[in-house]
Amino acid sequence: HEDARALCCTVEMAQTDYEFDIAIIDEIQMLGDYHRGGHWTNALLGIQAKEIHVCGELRTIGLLEKICRETNEELIINRYDRLSELDYESEEVLTDFSQLRAGDCLVGFRRKDLFRLKYQVENESKKKCCMVYGALPSGLL
């Protein structure tokens with residue numbers, strides 16, 4: 001990790017034993033999730049960084065304000081407009097992998113689903129695809 005310019009991982013795998021200039025935690029509203037919120041809490045409170053940027057739903061601001069008050073940390077809130085429309089394709093697109101375009105992303109939540117999707121995309125579309133998989137603890141798969 002010493003020579004890396006950037007590190008990307010799931011919150012479950014967040015590195016709390018290294019110092020970073022900036023850490024970014026996405027989906028911060030998951031702090032309030034009954035089953036997985038502890039991982040976001042551990043990342044938010046455990047990551048050693050000069051700045052921590054969090055991204056997520058506005059409904060989390062109250063909880064973040066309380067956490068920052070209790071930990072004597074500064075909270076700066078920035079709101080951003082989405083620059084492009086979030087487009088959700090129905091499952092119908094998944095039956096015809098030849099229609100996939102560069103930059104499209106398919107999401108699976110089990111390792112076997114990801115390998116199946118990769119195999120189908122490469123065999124049916126004749127395109128190469130990249131698979132990104134985080135080693136989540138087995139209880140989350």
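Before I start, one term: two strands count as paired if DSSP finds at least two bridges between them. And keep in mind that this is a predicted model.

So, strand 1, residues 19–25, pairs with strand 2 in the parallel sense, over six bridges. To find your place in that pairing, look for phenylalanine 20, which stands opposite alanine 49 in strand 2.

Together, strand 1, helix 1 and strand 2 form a β-α-β unit, and it's a right-handed one.

Which residues of helix 1 are buried? Those are Gly37, Trp40, Ala43 and Leu44. Looking down the axis of helix 1, you'd see its buried residues fall within an arc of 125°, so they line one face of the helix. On the face turned away from that buried side, you get the exposed residues Asn42 and Leu45.

Okay, on to the second largest pocket. Its volume is about 1,200 Å³. There are 30 residues lining this pocket, and the closest to its centre are Ile52, His53, Val54, Leu75 and Ile76.

Where does the lining come from? Helix 1 (37–46), strand 2 (48–54) and helix 2 (61–71) each supply at least two residues. Strand 2 gives the largest share, six residues.

Technical notes: Residues are numbered from 1 along each chain as its sequence is written. This is a predicted model: local features need pLDDT of at least 70, side-chain atom pairs count only at pLDDT 80 or more; totals for chains, interfaces and linings use all residues. Side-chain values use heavy atoms; hydrogens and water are left out. On a 1 Å grid over the protein atoms alone, a cavity is a set of points where a 1.4 Å probe fits but cannot get out, and a pocket is an open set with protein on both sides within 12 Å along at least five of seven lines; lining residues have an atom within 4 Å of a point. Grid points are joined across faces, edges and corners, and a volume is the space filled by probe spheres set on the points. Helices (H or I, at least four residues) and strands (E, at least two) are DSSP runs, numbered from the N terminus. A crossover is right-handed if, with the strands pointing away from the viewer, the path from the first strand over the helix to the second runs clockwise. Buried means under 20% relative accessible area, exposed over 50%, partly exposed in between (1.4 Å probe, protein chains only). The arc is that of the directions from the helix axis to the C-beta atoms.
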